[in-house]
Amino acid sequence: MNDTLARLHRRLEEAAAAEGLLDIAYTTIDTPVGSLLLAATEIGLVRVAYDVEDHDAVLASLAGSLSPRVLRAPQRLDAAAREIEEYFAGRRRQFDLPLDYSLSSGFRQVVQRQLSHIPYGRTESYKTVAQIVGNPKAVRAVGTACATNPLPVVVPCHRVLRTDGTLGGYIGGLAAKTTLLNLEQAA
């Protein structure tokens with residue numbers, strides 16, 4: 001029965017993609033920081049979500065904000081899953097994925113686009129990021145941009161710390177942030 005359901009689902013994925021009805025593909029992968037939901041549009045990876053964010057709620061949010069045509073379609077996310085697995089295995093320091101930033105806008109998107117320029121294994125303060133993006137007084141807004149980053153891990157908001165060097169918050173929780181920072185320091 002499971003084989004039959006898997007074949008039927010695969011046919012549904014293929015038909016939806018062929019007819020242009022698959023706006024958001026998603027899958028989940030297991031990682032050292034727990035299960036991650038990966039979602040992509042035709043443009044690129046649009047969302048990475050931790051278990052603590054409630055994957056069902058994230059999918060509902062994507063359906064409401066981008067398109068109700070959401071389907072589990074792991075093949076569209078094979079490259080993203082592979083790159084994330086390589087990152088956790090210590091074989092990847094930078095992601096080469098097309099990204100869809102449509103869940104962010106304005107200053108938040110400016111900050112999130114800048115985060116990928118923080119080198120692997122390095123950290124910056126919220127204050128420094130605010131200065132880099134040209135708004136040195138926007139330290140709190142940088143924190144908000146990091147907290148609302150729809151692409152954690154891939155867009156490395158975990159590399160941004162408080163000025164005193166303490167972790168600050170993190171969408172996946174402080175244990176996940178610590179794991180990511182330790183992984184990068186060990187490399």
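1. A residue is called buried here when its relative accessible area is under 20%, exposed when that area is over 50%, and partly exposed in between (1.4 Å probe, protein chains only). Because its relative accessibility is 17%, Glu86 counts as buried. Arg82, at 44% relative accessibility, counts as partly exposed.

2. The model is predicted: local features need pLDDT of at least 70, side-chain atom pairs count only at pLDDT 80 or more, and totals for chains, interfaces and linings use all residues. Residues are numbered from 1 along each chain as its sequence is written, and side-chain values use heavy atoms, with hydrogens and water left out.

3. Concerning the overall fold, the protein chain contains seven helices and six strands. These elements are DSSP runs numbered from the N terminus, with helices (H or I) of at least four residues and strands (E) of at least two. Their order along the sequence is α-β-β-β-α-β-α-α-β-α-α-β-α.

4. Of the 187 residues in the protein chain, 45% are buried. The accessible surface of the chain is about 9600 Å², and carbon and sulfur atoms account for 50% of that surface; the areas come from the Shrake-Rupley method with a 1.4 Å probe, and for residues only the protein chains shown count as cover. A contact means heavy atoms within 4.5 Å. Among contacts between residues at least 6 apart in sequence, 61% join residues at least 24 apart.

5. Nine salt bridges are found in the whole structure, each being a side-chain nitrogen of Lys or Arg within 4 Å of a carboxyl oxygen of Asp or Glu. One of them joins Glu184 and Arg159, with an N to O distance of 2.9 Å. This pair links distant parts of the chain, 25 residues apart: Glu184 belongs to helix H7 (residues 174-186), while Arg159 lies in the loop between helix H6 (139-147) and strand E6 (160-161). Both Glu184 and Arg159 are buried. Elsewhere, salt bridges that share partners join Arg82, Glu83, Glu86, Arg92 and Asp96 into one network.

6. The closest N and O atoms of the Glu86–Arg92 salt bridge are 2.8 Å apart, and Arg92, like Glu86, is buried. Glu86 also forms a salt bridge with Arg82 at 3.9 Å, N to O. Glu86 and Arg82 both lie in helix H3 (residues 78-88), four residues apart, about one turn of the helix.

7. A nonpolar core is a set of buried Ala, Val, Leu, Ile, Met, Phe, Trp, Tyr and Cys residues joined through side-chain atoms within 4.5 Å. The largest such core has 42 residues, of which Leu36, Leu38, Leu45, Phe88 and Val153 touch the most other members. At least two residues come from each of several elements, including strand E1 (24-31), strand E2 (34-40), strand E3 (45-50) and helix H4 (106-115). Helix H3 gives the most, with five residues.

8. Leaving aside neighbours within four places in sequence, Val153 is in contact with residues including Leu36, Tyr87, Phe88 and Leu180. A second, separate core of nine residues includes Tyr26, Val46, Val58 and Leu62. In soluble globular proteins, nonpolar side chains tend to be buried together.
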